[in-house]
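This briefing concerns the ligand site of one protein model. Please view the sequence and structure below before reading on.

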Amino acid sequence: MSTASPSSPTRNIRRPASLGGVLSVPGDKSISHRSLILNSISMGDALVQGLSGGEDVMSTMHCLQAMGVSIEPAGATGSYIVKGTGSKLEEPLDILDAGNSGTSIRLLSGILASQSFVSVITGDSSLRTRPMQRIVQPLKQMGAQIMARQDDSLAPLVVRGGGLKGIEYNLPMASAQVKSAIMLAALSAQGDTVIHQPALSRDHTERMVTAMGGRVEENGLDLVIHPTSLKAVDITVPGDISSAAFWIVAGLCQQNSRILIRGVGMNPSRTGIVDVLQEMGAGSGLLLVDQRIEGGEPVADLLVSPAALHGVEIGGDMIPRILDEVPILAVAACFASGDTVIRDAAELRVKESDRIATTVAELSRLGANIEAREDGMVIHGTGKLIGADTESHGDHRLAMSMAVAGLLAEGETTIHGAADASVSYPEFWQDLDLLLQDAR
Ligand code: S3P
């Protein structure tokens with residue numbers, strides 16, 4: 001049973017006797033950002049449906065509106081008409097605020113690099129500590145003028161764009177945000193841009209640019225972007241698998257559960273959590289029902305019920321496919337038999353929080369047997385957590401992971417910073433209450 005109002009920064013949770021119900025998760029955050037950004041620089045108008053109402057996506061929307069793009073609600077919740085500018089944005093009158101959102105600042109920087117005006121973009125105290133050199137360096141190489149704090153590594157970024165040329169670039173890390181920033185700039189550069197990726201990361205930009213008439217050639221891990229103008233397309237955003245992951249783990253680890261999550265995006269670059277949980281023994285506890293294609297992306301309903309999980313080792317190319325789900329996977333690993341080892345995941349240290357340090361610290365408070373490694377963590381499954389005070393560290397995914405840990409722990413768990421969930425999942429606490437009530 002949870003207490004306190006949904007907007008409260010603190011929530012208390014006790015383990016329920018059962019957990020169940022039918023719900024939909026918010027629109028996919030990555031696809032939502034891209035549907036706004038790419039339609040803003042296209043020719044024509046587009047209807048976007050199922051847009052995430054999370055604060056991160058709203059940051060992108062407000063930045064685009066500050067550059068003269070008309071994005072207006074179109075009736076149903078999550079429906080918007082975006083009026084494409086054909087890539088001519090207006091110089092913003094003030095500093096652009098990306099809030100907590102790495103995707104907003106990095107993807108929008110790719111757009112700002114192509115605009116021949118001066119702009120300044122920044123974000124909250126977390127975003128201002130996150131590495132920006134990774135986009136500043138390639139965008140400068142393409143010809144944009146960019147200055148940033150601490151030797152061009154930290155926001156705020158000051159950008160004077162325009163006059164870009166295509167480059168050949170070896171991506172140092174498998175980052176969809178960096179890849180997408182370069183791709184967006186490449187659309188209006190002189191000449192082709194070639195990106196060599198070290199491993200596959202989410203490919204929503206490639207898919208959407210192609211659907212809009214852009215030319216992106218994919219040869220294994222290499223991408224060639226030919227400069228093109230885009231045509232606006234209507235987009236139906238599927239449910240966010242990264243948000244569904246919380247209920248998947250809750251349902252698998254709760255002994256009396258049955259949860260149906262409708263309309264979840266199943267893009268293969270994002271379904272690592274399903275593959276890893278299957279490898280851990282989820283079996284018929286995690287069923288994909290009614291698999292279909294909607295708006296160019298694979299979608300399924302997920303039916304979740306209890307399963308006996310065992311530990312696994314994950315690393316290498318799996319990490320980009322499960323990047324945002326590691327904190328909730330660590331919760332699952334506490335309830336699995338044996339050890340779970342996560343390696344090659346040093347990128348987690350530069351997310352909304354240092355997710356290796358914060359996940360280990362917070363699960364330790366709940367009595368987990370968990371150790372941090374430089375590039376990951378080791379969880380010795382004990383099948384048990386004990387309620388305690390936990391902290392989100394200003395990180396939405398930590399807040400929600402601790403909520404699920406609290407649903408599974410003995411006694412009472414308090415989550416400080418519970419309201420941080422709204423960065424990606426504003427309805428998280430209401431949906432939690434729904435699963436508690438419907439199960440009664
Ligand atoms: C995102 C890419 C990922 C992910 C983030 C969203 C995106 O980061 O962690 O939440 O929409 O492109 P990387 O840039 O590390 O891939």
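Helices α1 (29–40) and α6 (176–186) each contribute at least two residues to the shell around the ligand; helices here are DSSP runs (H or I, at least four residues), numbered from the N terminus. The model is predicted: local features need pLDDT of at least 70 and side-chain atom pairs count only at pLDDT 80 or more, while totals for chains, interfaces and linings use all residues. Residues are numbered from 1 along each chain as its sequence is written, and side-chain values use heavy atoms, with hydrogens and water left out.

**Shell composition**
- Around the ligand are Lys 29, Ser 30, Arg 34, Thr 103, Ala 174, Ser 175, Ala 176, Gln 177, Arg 202, Leu 323, Asp 324 and Lys 351, where a residue is near if one of its heavy atoms lies within 4 Å.
- Helix α1 gives the largest share of this shell, three residues.
- By class, the shell holds five charged (Asp, Glu, Lys, Arg), three nonpolar (Ala, Val, Leu, Ile, Met, Phe, Trp, Tyr, Cys, Pro) and four polar residues (the others, Gly among them).
- Domain 1 (2–27 + 238–438) and domain 2 (29–236) each provide at least three shell residues; the bounds come from an automatic or database domain assignment.

- Polar contacts are pairs of N or O atoms within 3.5 Å.
- A polar backbone atom of Gln 177 is 3.0 Å from an oxygen atom of the ligand.
- The protein buries 96% of the 390 Å² that the ligand exposes when taken alone (Shrake-Rupley method, 1.4 Å probe).

Conventions. A polar contact is a pair of N or O atoms within 3.5 Å; within protein, one must be able to donate a hydrogen and the other to accept it, and residues adjacent in sequence count only if both atoms are side-chain atoms.
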